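Colleague: Please take a close look at one part of this model and describe it in a single connected answer. Give the cut-offs with the terms.

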Amino acid sequence: MFLGSGGDVRFTSAGQLIDAAKEKAENLSEHLKHSIFTYYICRYLVAVYEARHGEIPIQVWNEHRNTLDHFYRYVTTVAPDQLFREASDHLKKMEAHTLRAALDMCKISCHRNHDYVKKMIDDAGEGLKLLDGGGFHLKINGDLRCASKAFEDAKISDVALGGDSIINSELVNGYVEAVFNYEIIAISIEGRWHDIEHIQLGCGGYIFVSG
C-alpha cells in the first residue's frame with residue numbers, strides 16, 4: 001500500500017506530491033521555501049521506502065542531520081557584525097543538504113524499486129504472462145521501459161545542478177516523476193497478485209511472495 005507520511009495522505013502521482021510540497025512551502029519566507037519543498041518530498045519518499053523495504057536510507061538521514069545542524073546554527077547566529085553573512089551561509093548549506101537528501105532518496109528509490117518490480121515479475125512467472133491474455137504482462141514491460149528511460153533522463157539532467165534554486169527544484173521534479181513511474185508499476189502488480197497467484201496455481205506451478 002502506498003501510504004504517505006502524513007497519516008492518511010496517499011499520493012498516487014508525482015504531480016500530487018509536488019503540488020503538496022509547493023503548498024507547504026508557498027507561505028514561508030523566500031529563503032526557506034526551497035529547503036521546505038525538497039524536505040517535504042524527501043520525507044514522504046523516505047516513509048514509503050521504509051514501509052516497503054524495511055530499511056533506513058542512512059545517507060539520506062545523514063544529509064538531514066547536516067540540514068538540522070545548519071538550521072540551528074542559522075537561528076542561533078547573533079553576533080551583529082557577522083549575522084547576515086553567517087546566517088546566509090548556513091541557509092545556503094541547509095538548502096544544499098536538503099537538495100542532496102531528496103536527490104539521493106529519489107535515486108535510491110528508483111534503483112531499489114526497479115529490482116523490486118523485476119523480482120515480482122520473475123516470481124509471478126506464467127501467472128503474469130497469462131493474465132488478461134498476456135496484455136497485462138506487455139503493459140508492465142512497456143511501463144518498466146518508460147520508467148527506466150525517465151530515470152535515465154533525470155540522471156542526465158544532473159549536469160544542470162548548481163546555485164539556481166528554481167532549476168534545482170525542477171530537477172527534483174524530474175526525479176520524482178521517475179520514482180512514481182516505478183511506484184505505479186509496483187502498485188499495479190500488487191493489486192493483481194491474487195489473480196496472478198490463481199493462474200499460477202492453476203498451471204500447477206508455485207508462487208513466491210516478493211520480499
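Modeller: Helix α1 covers residues 14–26, 13 residues in total, where helices are DSSP runs of H or I with at least four residues, strands are runs of E with at least two, and both are numbered from the N terminus. From first to last C-alpha, α1 reaches 18 Å, close to the expected 18 Å; the expected span is 1.5 Å times one less than the number of residues. This is a predicted model: local features need pLDDT of at least 70, side-chain atom pairs count only at pLDDT 80 or more, and totals for chains, interfaces and linings use all residues. Residues are numbered from 1 along each chain as its sequence is written, and side-chain values use heavy atoms, with hydrogens and water left out.

Buried residues of α1 are A14, L17, I18, A20, A21 and A25 (buried is under 20% relative accessible area, exposed over 50%, partly exposed in between; 1.4 Å probe, protein chains only). Seen down the axis of α1, these buried residues fall within an arc of 160 degrees, so they line one face of the helix; the arc is that of the directions from the helix axis to the C-beta atoms.

In the segment before α1 lies F11. F11 and Y44 form an edge-to-face aromatic pair, 4.7 Å centre to centre with 65 degrees between the planes (rings of Phe, Tyr and Trp, the last by its six-membered ring, pair if their centres lie within 6.5 Å; planes under 30 degrees apart are stacked, over 60 edge-to-face, the rest tilted). Y44 belongs to helix α2 (residues 30–53), so the pair ties together parts that are 33 residues apart in sequence. F11 counts as buried at 8% relative accessibility, and Y44 counts as buried at 1%.
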